[in-house]
Amino acid sequence: MNAATTQEQRQSISEDDVTIIIGLEVHVQLDTKSKLFCGCSTEFGAPPNTQTCVVCTGAPGSLPVINQQALRLSIKTGLALNCEIARFTKWDRKNYFYPDLPKGYQISQFDKPICGLGYLDLFDQRDKSKTRRVVLERAHLEEDAGKSIHDESKQGGNSRIDLNRTGTPLLEIVTQPDMRSAAEARAFLNELKLILTYLEVSDCNMQQGNLRCDGNINLHIRVDGQQIATPIVEIKNMNSFRAAERALDYEAVRQLELWKQNGLTISDAPKQTRGWDAATQTTTLQREKEASADYRYFPDPDLIAVTLSEEEIDSIRSEIDRLPAQWREELIGQHGLKPYDADVMVGQGRGVIDYFLNVAEGCGNSKMAANWIGQEVLRFLNESEATIESYPITSTQMTELLTRVVGGELDQTRAKEVLEQMIEFQLEVQSAMDKLGIKPVDNQEIEALCQQLINENPQVIEQIKGGNAKAVGALIGKARKLNPNASPGLVKNTILKMVGG
Amino acid sequence: MDFSNLTATQCVNQFASGEVTATALVQSCLHQIQQNDPSLNSFIRTSDSALPIAQALDIKRAAGKPLGPLAGLPIAIKDGICTAGLKTTAGSRMLEEFVPVDDATTVKRLVEADAIVIGKTNMDEFAMGSSTEHSHFGISKNPWNHQYVPGGSSGGSASCVAAGLTPASIGSDTGGSIRQPASFCGVTGLKPTYGRVSRFGLIAFASSLDQIGPMARSAEDCALITSVISGHDPKDSTSAKNDIPDFLATLNQPLKGLRIGICKQHFEEGLDSEINDSVKAAIQVLKNLGAVITEISMPHTPYAVAAYYVIAPCEASSNLARFDGVRYTHRTEGVKDLAEMYCQTRAEGFGNEVKKRIMLGTYALSSGYYDAYYLKASKVRRMIKQDYDTAFESVDLILGPTTPTPAFQIGEHSQNPLAMYLADIYTVSANLSGVPAISIPCGISNRGLPIGLQLQARSFDEATLLQTAHQFQMETDWHTRRPNQ
Amino acid sequence: MSDSIDRETVEQVARLACIDLPASRVDETAKQLAEILEYVGQLEQVSLPDDVEPFFGATESVNAIRKDELSPSVARPDILSNAPDSDGEFYQVPPVF
Ligand SMILES: [Mg+2]
Ligand SMILES: [Zn+2]
């Protein structure tokens, strides 16, 4: 492995010879009221340095005390990610100097993380009927640092430090290098975020820094039967999933080009840290990992270990509701949704699923409910950037509407018009129907209408008589014009009956 | 009036009975400090609010309101312990201007018990030292002989009690920093069990070793103060939930049948012969009181100082990283960038001994050395603890000298820091294992310097320590000897 | 364990500890550190049982945990009052580069 290669060998490799190797480190801000080691609020957006105390500013003499909820949320996440949960976990100090790190060390976990090995299964991005497993190395709890605001003018002005965020609980989830493309990394991040959202352990708001990810990437290249690994690069600053995908894609290409030029392998060059620059859509060198990054981890003597009993872990496990993968299965298996539709619905979050379940049960037709929610509701939510909670039509109203469709009182097209009215004028189903003048049509009226159509369209009737029953379709539109309340199905059946005698 | 020979217990009793006012007690202390401290330098500063608080207390008593258990007691606080609104420097230039937002839990409990904080005492910078020669605020003197050190790091707290400036004080003990100066100055000093007294507000030197405790003129006084400052504190994760026994109630119980172990490793080479003689005489006193004396062995004792001088600097190197010129400390101005600001500030704000220990700890934790130093020392620490566990299967107390020699001269060890480190040889083990230990006066050397006796007990058995020390003090008068001033 | 420590190591340690060490003081510091390292080197002689667990803290109690409840933060003027440089809102530090 990693033998020297010639320029010629390097130029001759093809895309199939290259495997992209990606591992991710994701920092998730846990949704606690107070910080990890003190009672200051974790609320986002407060004026600078108004949510700090002696503990989170590292005042001399101050001491940390661990937040129980942060532990519980970590365990909950670990259980959902199939991790081994530690029965004994402890705290370590990671020592380095930075002005937004008040104590000169970060309280983290080194050798006894709260969550050990786990995994997350994803759809294979190349063949969605298959899944791929990403193994999770660990997930540990640690405190966040504060925020440094540097002088952007490059005039050498002071940096300003806000410690409001300092001490906010983070769960750092570390994967093994199991992802094979930037798209797969993005899929991992999406699924992870979905799980965290279902668990309600984090707001997962990337703008507010609730979710941050770093990527480690290099290439394995097959050259004349040998496997070569390029130097590992850690990419920081990927502040959206889309940015992560682009950065990793960019980096894979950059590494390949660089290797083709210089042939350097993992054993020739140290690990680099590069930052994703959204403006130029490139990665730029931040620093070489040299010996100076010596964090001198050691057990934090201000904190004592935490032990967890089976009962405590079981009680947290019992709080976990169904996760996205289980919901997909349920929607497909129990409600007859297509895998794609189930995935779309699950991707919208728990609120949409609950909405769907209410409507499906209420109207008695899962398939119809799925179609309506998949098309009408989600389209509305996407267009208006609303959430299901703020969607103007309650599941009860939707149920009532679809019940009428199921019962034949409304056809789908009419029902959509009713829905539009309900949304626009904030109406109940019946009022919207009244407004549209929709009322039941009795059989005599239908028969009269059909007779009129038969009389006025002799050619169509000939076709039907000639055995082409489908030709009746041409009359449905005309029926609508004459009486919009006439049910197309009823009109169709009546004409066929009258013509056929 | 001169109250400088009153014990803490006497102060509290006489105030409660109306024999003396708090104002008079505080005025007397402030007067003594004014007269004697310029040469002793046991205080870094006195508190401007001591007098108004005393006056308020007098009014409270006159009104017949209930009084706290330490009502009327003027008490000095080591300057490494935070006092809200009153500068707290840890003896360092780094914290020259630091004014804490909160009281340390210990201070809070003292204040709630109606004790009166009289001022802040001098100490080795960040408690790193055994002589109080390493303070940014000058050297403290031993009141028995100003050529000699008072010990350290709580040298100011020992010196002010010995000199009669205040009846009692609070110190902190990381490797002997209460007991060694108590022994050098002829006062009684208790290091409680690790976890017995909250560390919240104690500026950390080595978190797993630091413990706050009282220094006073008798074991009875220490019992009185310990019962106030002990107890679980939800702000300190390492503070213990154990019940607090009534330390005063058991003081007068006889010692008959008490099993005292004499650790043979405490009487090997390096022990001053006068100390040896005084300790042996003390053993006889306790024997006469009914104690049963047996010799025990604690084989890892000789390695305690080495383990301590790895573990304490490692923890300190991290604990002192927060002093970076950003939030609380001195900052060097006129620097070009952040890195320079850090390095200059830390070079200038810390004294040489502190810098040396930070570098030592940084080295011992750095990659490639962790196992050989920190991990190994922590394993040896386990063996030391096991020595105690074994010993306490057969004895109730361990008795020995507090220090190998009486107080040394100022500057005596300046060229030989290791010799100074060895002043802690008998005291560091209690910190490494967490057990409580007390130093009480048991003699005076030919040069007229006090000699101390150390008693160590099982974790959370301060009661037996205090009882034994009190019984000894009922039989002897070493603790009542005062330096000629 | 090494009981001697070279100039380069001392300089590296000073860098890690963020303490400015003038070149003129490196040798002296190396000597001082070496002296202590030599003394603590005696730990090497202690033979330990294979299964000995390190004792990191003076207490082996576990589970000091607080409820997730808010407690008041410190007023900003008070928290900033000890800072050598602030603008009333932020701590200020010299630029990183
Ligand atoms: Mg991290
Ligand atoms: Zn806080």
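## Two helices crossing in chain B

Contact here means heavy atoms within 4.5 Å. By that rule, Tyr309(B), Pro313(B), Cys314(B) and Ser317(B) in H9(B) meet a group of residues in H11(B), among them Arg357(B), Ile358(B) and Leu360(B). Helices are DSSP runs of H or I with at least four residues, strands are E runs of at least two, and both are numbered from the N terminus. This is a predicted model, where local features need pLDDT of at least 70 and side-chain atom pairs count only at pLDDT 80 or more, while totals for chains, interfaces and linings use all residues. Residues are numbered from 1 along each chain as its sequence is written, chains are lettered from A and ligands numbered from 1 in the order in which they are written, and side-chain values use heavy atoms, leaving out hydrogens and water.

## The zinc site

Over in chain A, the zinc ion (ligand 2) is held by the SG atoms of Cys38(A), Cys40(A), Cys53(A) and Cys56(A), at 2.3 to 2.4 Å. Donors are N, O and S atoms within 2.8 Å of the metal (3.2 Å for Na, K and Ca); water is not among the atoms, so sites may look incomplete. Along the chain, the zinc donors follow the spacing C-x1-C-x12-C-x2-C.

Cys53(A) counts as buried at 9% relative accessibility, and Cys56(A) does too, at 6%. (Buried means under 20% relative accessible area, exposed over 50%, partly exposed in between, with a 1.4 Å probe and protein chains only.)

## The magnesium site

The magnesium ion (ligand 1) is coordinated by OE atoms of Glu142(A) and Glu172(A), at 2.0 to 2.8 Å. Glu142(A) sits in strand S7 and Glu172(A) in strand S10, so the pair ties together parts that are 30 residues apart in sequence. Glu142(A) is buried at 4%, and Glu172(A) is buried at 9%.
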